[in-house]
Amino acid sequence: MAVLYPPAQPSLSGDVVTISRFLNSPTLVARRLRTLAEQRFIADVLLSGRIATTSGSVLYETGETIYSDRAPQSVAPGAEYPLTPISTGNASLAKTVKWGNDAEVTDEAIARQLFNPVDKALTKLVNQTVKTVDGVAMSAIHSAVTQNTAAIATWTTGSPSILRDIARARGKIDALNQGYDPDYLVVDDATYANLISDASVASLLRRENGDNPVYTGTFPVIDGLTVLRSPSMTNAGTSSAYALVVDSKALGAMVDENLGGPGYVASDGVGIQAKTIREDETDKWRIRCRRVTVPIVQEPAAAWKITGVAA
């Protein structure tokens, strides 16, 4: 994969000096890191809030209603207005965790394969960070979101009611009347395959359209919900697999901590930090990737599970 950042592109046909210049440049490493990491965290999509902490912990409230404790009352002329308590949510405390890995790239590998081992090391470090953080975030969501409805029929049978199942779950969230507006449907890969290939859903799609999932392999929107698939869905691929309808604007946040430290660079908006370390005594580079974060679910009622989607 070509790297298109100035001043010079570390291409597969470049020289060792060019690649070393890249590894020595925090700006180039940060841009490359962002290219690899952006839009790959499902955790950052579902928990769209952004909270920065300098203490390593965050105090937050969960389940706060948008209403006052008492309804307004009739007020007689000249009478005082009645008072109502304004309740807050339940207080919770979360502590950030530093997730990280190092990888080594020798001078021999760079001399023989040029930029490939560097690019491969960065890619794999980012991928593993994505997988780990997403798994932690989805586990937090799975534990916090308890409200659910069972699918009318499993989505693996010959006659599922997928659209109705999704509409019912969305209706349950709307009926809470807390101002939630669901925008995502999250499924695992197996459930996504059942969704995209279901005949009853396909019959409702516009025909002879280049955006049809039959041609593109993607199912972007159903009942106003953007469909996301993630291997990090808890219990995915088992009899307890479920689909998740989410209002990502209200569900929660990712709390990131910037530890600083010399030589570290950060990818804007994603939270990953990286550092390249030259080890002259052993003729190699050490590439480090880390994220210091914790997911928090502030409004569990902003999501709804559809259980029993797999047989």
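1. Helices (H or I, at least four residues) and strands (E, at least two) are DSSP runs, numbered from the N terminus. By that rule, Ala167 belongs to helix H6. The model discussed here is predicted: local features need pLDDT of at least 70, side-chain atom pairs count only at pLDDT 80 or more, and totals for chains, interfaces and linings use all residues. Residues are numbered from 1 along each chain as its sequence is written, and side-chain values use heavy atoms, with hydrogens and water left out.

2. Confidence. pLDDT is the predictor's confidence in each residue, from 0 to 100. The protein chain has an average pLDDT of 83, and 83% of the residues reach at least 70. Over residues 1–14 the value stays under 50. For that segment the model has 27 contacts beyond four places in sequence, a contact being heavy atoms within 4.5 Å. Where pLDDT is low, the predicted coordinates should not be read in detail.

3. Overall content. There are 9 helices and 14 strands in the protein chain. Of its 311 residues, 42% count as buried; buried means under 20% relative accessible area, exposed over 50%, and partly exposed in between (1.4 Å probe, protein chains only). Among contacts in the protein chain with a separation of 6 or more, 78% come from residues 24 or more positions apart.

4. The open sheet. Six strands form an open sheet in the order E5-E14-E9-E6-E8-E7, and the pairing is mixed. Strand E5 (148–150) and strand E7 (221–222) are at the edges with a single partner strand each, so one side of each is left without a neighbour in the sheet. Two strands count as paired if DSSP finds at least two bridges between them. E7 is joined to strand E8 (residues 225–229) by 2 bridges, and the two run antiparallel. Ile222 has Leu225 in E8 as its bridge partner.

5. The E7–E8 loop. Asp223 is placed in the loop between E7 and E8. Its phi is near 55°, a positive value in a residue other than glycine. Asp223 counts as partly exposed because its relative accessibility is 33%.

6. Helix H6 against the sheet. Helix H6 (residues 162–175) lies across E5, strand E6 (184–187), E7, E8, strand E9 (242–246) and strand E14 (303–307). H6 runs at about 150° to E14; axes are lines fitted to C-alpha atoms, for helices over the stretch in contact, and angles run from 0 to 180 degrees between N-to-C directions. Ala167 of this helix counts as partly exposed, because its relative accessibility is 35%. Ala167 and Gly224 are 57 residues apart in sequence, while their C-alpha atoms are 9.6 Å apart.

7. Strand E13 and its partners. Which strand has 12 of its 14 residues buried? That is strand E13 (residues 284–297), which is mostly covered. Strand E4 (residues 97–106) pairs with E13 in the antiparallel sense over 10 bridges, and Trp99 has Arg291 in E13 as its bridge partner. Strand E10 (residues 252–257) and E13 are likewise antiparallel, with 5 bridges; here Gly252 is partnered by Val297. Strand E12 (residues 273–279) pairs with E13 in the antiparallel sense over 7 bridges, with Ala274 opposite Cys289. The hairpin of E12 and E13 has 4 residues between the strands, and Asp283 in it takes a positive phi near 55°.

8. Asp256. Is Asp256 buried or exposed? Asp256, found in strand E10, counts as buried because its relative accessibility is 17%. Asp256 and Val292 are 36 residues apart in sequence and 5.8 Å apart in space, C-alpha to C-alpha. Leaving out residues up to four places away in sequence, Asp256 touches Ile51, Ala52, Thr53, Gly271, Arg291, Val292 and Thr293.

9. Leu114. The loop between helix H4 (107–113) and helix H5 (116–144) contains Leu114. Leu114 has a positive phi of about 60° although it is not a glycine.

10. Rings and charges. A charge sits over a ring if NZ of Lys or CZ of Arg is within 6 Å of the ring centre and within 35 degrees of the ring normal. Arg290 lies over the face of Tyr264, 3.6 Å from the ring centre. Lys305 lies over the face of Tyr242, at 5.0 Å from the ring centre.
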